[in-house]
Amino acid sequence: MSDLNKLVLTACSMFLSLITVSALAQDQETKPKKSWQASRELSDNLTKRRPDTIYYEQKVPEYTLPNPLAMTDGTKVMNAEMWRTKRRPEILELFRKHVYGRAPLGQPKEMTFKVFDPDSKALNGPAVRRQVTVNFTGKPDGPSMDILIYLPAAVKKPVPTFVLLNFYGNHTIHPDPAIKLSSSWMHGSGRGIVDHRATEESRGSNSARFPVEKILSRGYGLATIYCGDLDPDVHDGFKNGVHSVFDKLIDGKRSPDAWATIGAWAWGLSRAMDYFESDDEIDHKHIAVLGHSRLGKASLWAGARDERFALVISNNAGCGGATLSMRCFGQTVKLSNISFPHWFCDNFKKFNGKEDMLPVDQHLLIALMAPRPVYVASADKDLWADPRGQFLSCKNAESVYHLLGLKGLESENMPALDSPVQKGRIGYHIRTGSHALTEYDWQQYMDFADKHFK
């Protein structure tokens, strides 16, 4: 064989090898990833710690979810008008009566806004910062909350904005020394908390959950409020916070469907929206309300009650948030009500260990967002919040979106880890890691907002 023929054969062999490698790589890229499954080892370890808690799918009891498109009397919801005028109000009323309680309706007449510390070159130039005191009664000694707002300086106004509550004060979300140090009551477990009060040491302590500069670089604003300004996260008989001023007592007692702490937090988010409508630099038509964990429960209820929120996001919110209560997986109604008796209205306690008797479940809460986009996120190691139950809430809500002529979740099975589903108006992902609000989560939320806002 001539040298030329040898060279030709070698070149052909190399070319065929490259085609094979390329085909294999392409096959690996196009081959669907496996749907998420909870780690058996993690389930085993969690069960050893809490033997009375379900952490295995095979132990989930049988249940029948309420149909989003059937009235409580069995009448089928046939069109968008019927959903809007009959079924949606009916579901809202069921949640008010049995889960979150009844909050005051509308903006308080005497409420005032006071902007302080405006800075057009904050964070060394890229941000506009303002802080706003919202006084709910207009009285100097009345209950109030402070909103910390960052807007991108170089972006044309008004700016679409994310709003969310925080756990330990506005000053904890960024080390910016100009942020007002909260004087409200604090939990005793946070960094820099002394005798339930914040100190300078706590400044910036939760900044990992708030990638401010990256949010601004994507063209979004960020607004945040300390949840304890509205109501401290402790069972104090509702003597502090907004309840003491706005409660309507009957013979000196609260009614079993009176609003509780999560209801107060959600109400406060709506009061922030009242302010956004007065600020020409904030695009109040494109506000995304976001919450993590128990604050995710509040963001969902806020989005359900107040349709001014254009996008609603739940990050790792378990029982009473995004996950199905009837699955009794991880955090249950009973465990929630025993550990946090102040979160939900007293009527919710009737369902301790009786989740199958609930007239609603959280897929109906997700459905209340329609036709607006809603996003739910889970974490691989956060079995307490039941990732599969969160996915199933989204899946069982999409029939309402379809009725309205819109795409819903558009995924039959749970996605693989770190493989977001954003095909329709319902977004979902489960990421690697544990119970937290991470930069990865923020990236997905901003991608989803880009799709629906821009």
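Predicted model: local features only at pLDDT ≥ 70, side-chain atom pairs only at ≥ 80, totals over all residues.
1. Let's begin with the pairing of helix α3 (residues 80-100) and helix α8 (residues 294-305). Their axes come within 11 Å and cross at roughly 145 degrees, and the crossing is left-handed.

2. The contact itself brings R88, L92, F95, R96 and Y100 of α3 against W301, A304 and R305 of α8. By residue class, this contact has five nonpolar and three charged members, with no polar ones.

3. Next comes helix α2, which spans residues 40-49 and has S43, L46 and T47 as its buried residues. Viewed down the axis of α2, these buried residues fall within an arc of 100 degrees, so they line one face of the helix. In general, an α-helix has 3.6 residues a turn, so residues three or four places apart point the same way. On the other side of α2 you will find E41, K48 and R49, which are exposed.

4. Do look at the start of α2 as well. S39 caps the N-terminal end, with a side-chain oxygen 3.3 Å from the backbone nitrogen of E41.

5. Finally, Q131 sits in strand β2 (residues 127-135). Is Q131 buried or exposed? Its relative accessibility is 2%, and buried means under 20%, so Q131 counts as buried.

6. What does the side chain of Q131 make a polar contact with? One partner is the side chain of D117, at 2.8 Å. A polar atom of the Q131 side chain also lies 3.1 Å from the backbone nitrogen of K180. Leaving aside neighbours within four places in sequence, the residues in contact with Q131 include V115, F116, I147, L148, A178 and I179.

Note on methods. Residues numbered from 1 in each chain as written. Heavy atoms only, no water. Axes fitted to C-alpha atoms, helices over the stretch in contact; angles between N-to-C directions. Helix = DSSP H or I, 4+ residues; strand = E, 2+ residues; numbered from the N terminus. Left-handed = near helix turned anticlockwise from the far one by under 90°. Contact = heavy atoms within 4.5 Å. Nonpolar A, V, L, I, M, F, W, Y, C, P; charged D, E, K, R; others polar. Buried < 20%, exposed > 50% of the residue type's maximum accessible area, 1.4 Å probe, protein only. Arc of directions from axis to C-beta. Polar contact = N/O pair within 3.5 Å; in protein donor to acceptor, adjacent residues only side chain to side chain.
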